[in-house]
Structure formats: structure tokens, C-alpha cells
Amino acid sequence: MTGNKSRCLNSISQVLLTLLILHCLQCHSRPHSYDSKPLLEISKEIFKYSDIAQRIINLAVYGKAQNRSYERLAEFTDTIGNRVSGSKNLDLAIKYMYTALTRDGLENVHLEQVKIPHWVRGDESAVMLLPRNHTLAILGLGSSVGTPPGGIEAEVMVVESFEELKKRASEAKGKIVVYNQPFVSYGETVAYRASGASEAAKVGAVASLIRSVTPFSINSPHTGWQWYQPGVPQIPTACITVEDAQMMARMARRGQRIVLHLTMGAQTLPDVDSYNTVAEITGSKHPEQVVMLSGHLDSWDVGQGAMDDGGGVAISWEALSLIRDLGLRPKRTLRTVMWSAEEPGGVGAAQYFQQHKANISNFDLVMESDLGTFSPLGLQFTGSDKARAIMKEVMKLLASINVTSLEEHGEGTDINMWMKAGVPGASLHTADQRYFWFHHSDGDTMSVQNPEEMNLCSAVWAVVAYVVADLEEMLPR
């Protein structure tokens, strides 16, 4: 019995030793986390970055890099112009950025292939025939079908809401439905742009015109993507100006008959090959772990796409340049991604997620700037309570430029899927009261941009990205 017992104990010891080794290997291979470290200790670690943070701020705001992000953006948008999904201009923009990032000396500059939608606006017009002759300014909505070759001539039915449309459904057959919905907020009001065509088609309308989703207008139509609901007839749809929508609402209240002639040459062509554009600063200790900065390279086919989202692209590039210029190399890799086809619904980003989600545990923080690069106020953040507490400490490093706020709910079509999967996410929050004045319109030009504000945005982006990428451990999930 003694020999058997000894062998048995020896076997148990070997099993326990094997399990211990496996546990140690798993702990070693698993990305580090701050889950168990006291916040006071983490705060002290972050405070040590004060000098580096100020060096980044000084370079971006007061030093040799002052106005660089603005000048880069101006040269890019003046050279390329707008860049709608599937267009030759978007191809040119991707080639431009690939060359520029390479010349800038950033690392691992490369393109990752994606398939994206290719919608073409074509010629379009809308003319009021009754009660008077008047040409309306319009912009067809993305994915809209065109009218028959001769256009559509029909009477107008004006409604203020989807509820009114349902109540008056019997009046809508054969008419052009005009939505004169008031602007409440972009998040709420954009439902009319997204679904207005299908809701009108359900009650027999032949076309829909949506009041532009903006709180301010100087007779400027704003475009955007719309989605047809499955099983519902597809009718032409476009945005009109706030002024024309309100005018037709007044006419309708007076009982005047309104007749429009609408012509749209819109068509959807087969999907085309495109690319997400990537550049990095490789991490010194954990190169497989990533802090990602991003903005989208495509825009609408009006204006210059300077604000939406040229600014976000420019500061995501500039952040890497600032860190490189100072000779800094964080422990983790900093990766800038310039997304393709965000406007049709984050198409390029969704494919990137599928291509990289196997390594999701190595994504430390995902960042997106897509609400303008106006004067920065802080960050919007999605993550665990512990991660939020750490990010609040990081934001204190920006006290000298008064950008310390950490708010709820990171935003961004291109990073939403990462945040839903548990990766901490941050979006830039700026003084964006005027953002929707210019959004998706001919007004989105370099004249909206301000070099001093872009300097500040670049500093915020670079400080946050660098510090998070250089901390001893990853943000806790």
C-alpha cells in the first residue's frame, strides 16, 4: 500500500504542478489589467505623465506643429474635394493619404481591402408648378431610386410627423409626401430622413421629400443615407430646405393645391473595392496590444467633407505625428485608421471589425472623432466603472487647456461594434452647436474649420492615446 500511495501522491503533485504552470502561462499571455490595483496607485502612475502631456500640448498648440493639422486638412480637401462612397474621388483620397502617411514617416502604413456601396446621384430637380412657379433646392438621399425618365408630376401632401401621415393615410395615394418635421435633435429627427420614403410608400405615395435635418438654414438642403424597408415599394426620396418645407406647410394650411415636378437620376451601382487606410507607431513592449484612433475618409458628394469627417481624420493622423516628433514610443501600438464608407452605415468599419475581432482582447481603447473638430470640451466614454475612473485621471493631464470632462456614452458609427463587444471606447466632444448647420451640405468646407481649435483637438487626441497606450496595464473591461 505504501508504494501505491506514494505513486498516487506523486501523480497528484504532478497534476497540481501542471495546472499551476498552465495558470501561470495563461496569466502571462493574458493582457494585463488594472482590475485589482487600487485607484490611488493608478492615479500616481498617471500623474507621472504630466510633463510628457505638457510637451505634447506645447508642440501641438504653441510649437512647430501649430496649425499643422489644419494645413494638412486644407491641402487634402482643396486637392481632392468631396469623397462619396464608391467614387473616383474616394479612391484618390485613399491614395493621397497612403502617400502622405508614408512620407510622414509613420510605421506600417497599409491598406485593408473592403467592399463598399456605390450610389450615384445623377441629375435632379424639383419645380413647383402650383400654386406658383418655384424651383426648389434639393439633394437626393443616399440609396434612393430615381424617378422614371420623364420625372414625376404629382400633388403634394404635407405632414408634420409619422403620426399625422398614418392618420391621413387615405389621402396619400398617388401624392408626393412632404415631411415638415421640426428639428428636435439629430438623433430623434434623423428618423424622417432614414425611414421617410418607406413610411410614405406604405400609404401609396409616389415620392417623399424630407425637410433637411438641421436647426439652421440659409436655403441649404442637407443630404444623408436612407434605408428602404424590406417588402415595401421603393420610391424616390430627397431632402428639401427648411424654408421650402415651411412654405409648403403654410400653403397647405391655407387649403392651396400644391403640385410639384420631381426628376431624379439616382441609381445604385454594384459594390466596389475600397480600403481602410492604416498607419501606426509600433508599441515597444506590447506591440500586439492596440490603442486605435480614427475618423472616416469618405464624405458626402457636396461641399468638401472638411468637417465631416476630414477633421477627425486629420487629428487622428496628427496625434501620431506629434508623438513621433517628440521621440515617444508607448508600450502598446498606436494605430490610426481612416475608415472607408462610414456614411452608408459604417460599412468599412464593420468589415474591419470582422477581420480583427479574433484579437479583440488586445484592443485596449478605440477612439473616434466624427462630431467636428471645434473647440474641445472633453471625451465621451463607454467602459467599465474602473476604466472610467482611470480615464478621469488621464483627462486631468489636460487641465492646462481646460479639457478635463469625461462624459457618458462614447459615440461613433465606426467604433460602436467594438464598444458593444466590451472594448472601452471614446469619442471627442467639442463645442459642436454649429455642427448640424453644415452637416451633409454644400456648407461643409474648410471655412468651417479653425486652426487653433484643431490644434487643441490634436493635443487632446495625442495625450489621451499616448498615455493609455503607455500605462503599465490595459484598461479593465
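How many residues does helix H4 have, and how far does it reach from its first C-alpha to its last? In this predicted model, helix H4 spans residues 68–80, which gives it 13 residues, and it reaches 18 Å, close to the 18 Å expected at 1.5 Å a residue.

Charged pairs come next. Arg68 forms a salt bridge with Glu318, with the closest N and O atoms 3.0 Å apart. Because Arg68 lies in H4 and Glu318 in H9, this pair ties together parts that are 250 residues apart in sequence. Glu318 counts as buried, at 2% relative accessibility. Both residues belong to a network of salt bridges that also links Arg72, Asp104, Arg324 and Asp325.

Arg121 and Asp301 form a salt bridge, their closest N and O atoms being 2.8 Å apart. Arg121 sits in the loop between strands E1 (107–120) and E2 (124–130), and Asp301 in the loop between strand E11 (286–296) and H9, so the pair ties together parts that are 180 residues apart in sequence. Here Arg121 counts as buried at 10% relative accessibility, while Asp301 counts as partly exposed at 22%.

Tyr98, Leu111 and Tyr275 make a nonpolar patch of about 240 Å². Tyr275, in strand E10 (residues 267–281), is partly exposed, with a relative accessible area of 31%.

Key
Residues numbered from 1 in each chain as written. Predicted model: local features only at pLDDT ≥ 70, side-chain atom pairs only at ≥ 80, totals over all residues. Heavy atoms only, no water. Helix = DSSP H or I, 4+ residues; strand = E, 2+ residues; numbered from the N terminus. Expected span 1.5 Å × (residues − 1). Patch = residues over 30% accessible without salt bridge, like charges linked within 9 Å, V, L, I, M, F, W, Y side chains within 5 Å. Areas by Shrake-Rupley, 256 points an atom, 1.4 Å probe, with all protein chains shown as cover. Salt bridge = Lys/Arg side-chain N within 4 Å of Asp/Glu carboxyl O. Buried < 20%, exposed > 50% of the residue type's maximum accessible area, 1.4 Å probe, protein only.
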